[in-house]
Amino acid sequence: MEKGKIKDLLSAAKDEVVGAVIESDAAPEVVKSTAELVVSEGTAAVFGTVFGAVAPRINSARLSYKENRFERHVEKALSVMEYYMMDYAILSSKGQYTIFCYGQDTFRFRAPYSLEYYSEIREWDHGYIAVMTKYQHDEKLIEEYIDLVPILENLYVDSEAYLKQIKEVRIQYD
């Protein structure tokens, strides 16, 4: 058995034993008889009664903590999976750079010096983007074209396979 599996098995067994002992009716008696060795019989009876009343609640709190921790881990794993499985790319700009992000990849390339921002994707055709762009020297939006295929090929990326996964491009500024 692998080390991780043994650890999981021992942890589960420990949790099961602790839960069974705490929830059993015998637990207060065990505390009482153990306490009688140290303190008087009356004090031991009080300890046993208090333990019998408090222990199930403590165990319940412990289980709630573990359930919440498990849920947090599952939510985090799902968000990571969603991030890597998204079928859209993000287009934005910062300074004099256009930024194209997909999955864990980010490509930055020079944009015209007067570029202010991208406002709307008009068309996405497997590497070819028609986008409405705002420039400093013009009040109106101008339709601009970005061809990603030569950019990806210059970076030795298989553009056909890479771009086939992307169903749409969205504009997003942080």
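Let's start with the open sheet: it has 4 strands in the order S3-S2-S1-S7, with mixed pairing. At its edges sit S3 (105-110) and S7 (168-171), each pairing on one side only. Neighbouring strands of this sheet are turned by 25° against each other on average, direction ignored. Axes here are lines fitted to C-alpha atoms, for helices over the stretch in contact, with angles running from 0 to 180 degrees between N-to-C directions.

The model is a predicted one, where local features need pLDDT of at least 70 and side-chain atom pairs count only at pLDDT 80 or more, while totals for chains, interfaces and linings use all residues. Residues are numbered from 1 along each chain as its sequence is written, and side-chain values use heavy atoms, leaving out hydrogens and water.

A word on terms: helices (H or I, at least four residues) and strands (E, at least two) are DSSP runs, numbered from the N terminus. Two strands count as paired if DSSP finds at least two bridges between them.

Within the sheet, S2 (residues 97-102) and S3 pair in the antiparallel sense over 6 bridges. Cys101 stands opposite Thr106 in S3. Elsewhere, S5 (residues 128-135) and S6 (residues 141-147) run antiparallel and are joined by 7 bridges. A hairpin of 5 residues leads from S5 to S6, and Met132 has Glu143 in S6 as its bridge partner.

Over on the surface, Phe70, Val74, Leu78, Met81 and Met85 make up a nonpolar patch, with about 530 Å² of accessible area together. Patch members have over 30% relative accessible area and no salt bridge; nonpolar side chains (Val, Leu, Ile, Met, Phe, Trp, Tyr) are joined within 5 Å, like charges within 9 Å. The areas come from the Shrake-Rupley method with a 1.4 Å probe, and for residues only the protein chains shown count as cover. Met81 is in helix H3 (residues 41-85) and counts as partly exposed because its relative accessibility is 45%. That label covers what lies between buried (under 20%) and exposed (over 50%), with a 1.4 Å probe and protein chains only.

Now for the charged pairs: the whole structure has 2 salt bridges, each defined as a side-chain nitrogen of Lys or Arg within 4 Å of a carboxyl oxygen of Asp or Glu.

| Salt bridge | N to O |
|---|---|
| Glu116 and Lys134 | 3.7 Å |
| Arg170 and Glu168 | 3.2 Å |

Glu116 in S4 (residues 115-125) and Lys134 in S5 are 18 residues apart, so this pair links distant parts of the chain. Glu116 is partly exposed at 37%, whereas Lys134 is buried at 11%.
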